[in-house]
Amino acid sequence: MENYQVPPYKIKMVEPIKLITKSQRINRLKEAGYNPFRLKSEDVFIDLLTDSGTGAMSHFQWGALMQGDEAYAGSRSFYRLEKVVKDITGYKYVIPAHQGRGAEQVVLPLLIKEGMTVISNIHFDTTRAHVELAGGRAVDCACKECFDLENYHPFKGNFDLDKLKTVIKEKGKENIAAIIMTITNNSAGGQPVSLENMRAVNHIARENHIPIVIDGARYAENSFYIKQREKGYENKSIRAIALETFALADIFLMSSKKDGLVNIGGLIAIKDNLEIFQKAQVRVIPMEGFPTYGGLSGRDMDALAIGLQEALDEDYLRYRIDEIRYLGDLLKAGGVPIQYPTGGHAVFVDCGAIVPHIPFDEFPAQAVCNELYIEGGIRGVEIGSLLLGRDPDTHENLKADKEFLRLTIPRRTYTYDHLRYVAETMIKVYKRRHKIKGLKFTYESPILRHFTAKFEPIE
């Protein structure tokens, strides 16, 4: 019998999905400009594009929707959400946003002046874009273990502390706008960051008077890994570990569509800096909405208040993490190279190793992603040189350290049987990998190009 966890819930509602024919899939992909983002969801059988807002809510959350207070200002729903966020983070000030990028567009320009540097373990796509839109430059300081895909390391999401110190010294501490701790580290393969590493980053930041921002879309998953892997935390609760995590930063930005277990929502939480909070309030009004709703309805905030607490449940997290492990194990057994160990929300397939004949600027992971859709109607997403974009100064294509295809698992949505089908399909693609061709642009947007670009195969 295979080793897997029993789900800590039962399914109460189902949504039908349909696998269209292979010839239809080929036509749909061509119509979409060979970009899975442009596919219609009705043409996708299993959708692993993202875990952002794609999960299933609990019956408690659906019940909470009925209690939403839709007052424009000072709604009861906001104060229920505010209390939960304060309890989890220990922070003094809370502002909702419509999603993570809404939180970023409000806060990051408050920290960044033209030409300043923002350092992260790895910036994800919208964070990098908002840094650059604010006139800053994003620099990544991922630990070297992050790119050693085959060998086990418990915390591949960590900062390279020596590189962090070097960047601060070279740029000058007065020119560092912020340090962003991305937990879990998405572009590294959903890999966790240890509290030991976060404490070291905090020490470096405090010595140099640099604010720390937590990009915490998946902070609960990160806390679970700390409990499982970091010495001294095995007997601590997930909530206690999360609280210790937040104590090491100044600002918390969250896409609540991940570990908030909702379909829409974001958060800004500020530890105790009244000036930043007041400035954020000023910016949130024209960009998101009044500070006590920030782009969300009252019912959205009530569902989020419940979801934030459910995401800290250890039984849920154990099952959640095991789903990812299960898919990764099947792929490894089939010879498919992946980031090992698997991370908290996705399996990252090493497409640079699968199709080494495709150059980075012909987007190998995008090419494999397309083949996965053609083979079995599965939509994944490229996390590589396409996502990384172009150098802001030279406009040359940037080369990612790894060309990943991310198979992202929505929360409480798919079963182990779905994941077995995904593995079997990916293995079929892997076996014909030598026939896969690269891609060239037919349309490229200047910002966040991977969302809307169009391609054609290179013959």
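Trainee: How many salt bridges does a search of the whole structure find?
Mentor: The search finds 33 salt bridges. A quick word on the ground rules: this is a predicted model, where local features need pLDDT of at least 70, side-chain atom pairs count only at pLDDT 80 or more, and totals for chains, interfaces and linings use all residues. Residues are numbered from 1 along each chain as its sequence is written, and side-chain values use heavy atoms, with hydrogens and water left out.

Trainee: What makes D51 and R218 a salt bridge?
Mentor: The rule asks for a side-chain nitrogen of Lys or Arg within 4 Å of a carboxyl oxygen of Asp or Glu. For D51 and R218 the closest N and O atoms are 2.8 Å apart, so the pair passes the 4 Å limit. In general, side chains of opposite charge can pair when their charged atoms come close.

Trainee: And which residue forms a salt bridge with D47?
Mentor: That's R379, with the closest N and O atoms 2.7 Å apart. The pair links distant parts of the chain: D47 is in strand β1, R379 is in strand β10 (residues 378-379), and they are 332 residues apart. Strands here are DSSP runs of E with at least two residues, helices are runs of H or I with at least four, and both are numbered from the N terminus.

Trainee: Which parts of the chain are called domains?
Mentor: Domain 1 is 22-51 + 313-457, and domain 2 is 59-311. Those bounds come from an automatic or database domain assignment. The centres of the two domains, taken over C-alpha atoms, are separated by 25 Å.

Trainee: How many residues take part in the contact between them?
Mentor: Contact means heavy atoms within 4.5 Å, and by that rule 34 residues come from domain 1 and 41 residues from domain 2.

Trainee: What is the area buried between domain 1 and domain 2?
Mentor: About 3,000 Å², with carbon and sulfur atoms giving 58% of it. "Buried" is the word because this is the accessible area (1.4 Å probe) that two parts lose on being put together, summed over both. On the domain 1 side, L317, Q339 and P341 supply 17% of the area buried against domain 2, more than any other three residues.

Trainee: How many salt bridges are counted between domain 1 and domain 2?
Mentor: Seven salt bridges.

Trainee: Which peptide bond is cis at P341?
Mentor: The one from Y340 to P341, with omega near -5 degrees. P341 lies in the loop between α12 and β9. There's also a cis bond from I183 to T184, with omega near -15 degrees, and T184 sits in the loop between β5 (176-182) and α7 (195-207).

Trainee: What is the phi of Y34?
Mentor: Y34 has a positive phi of about 55 degrees although it is not a glycine. You'll find Y34 in the loop between α1 (22-31) and β1 (46-47).
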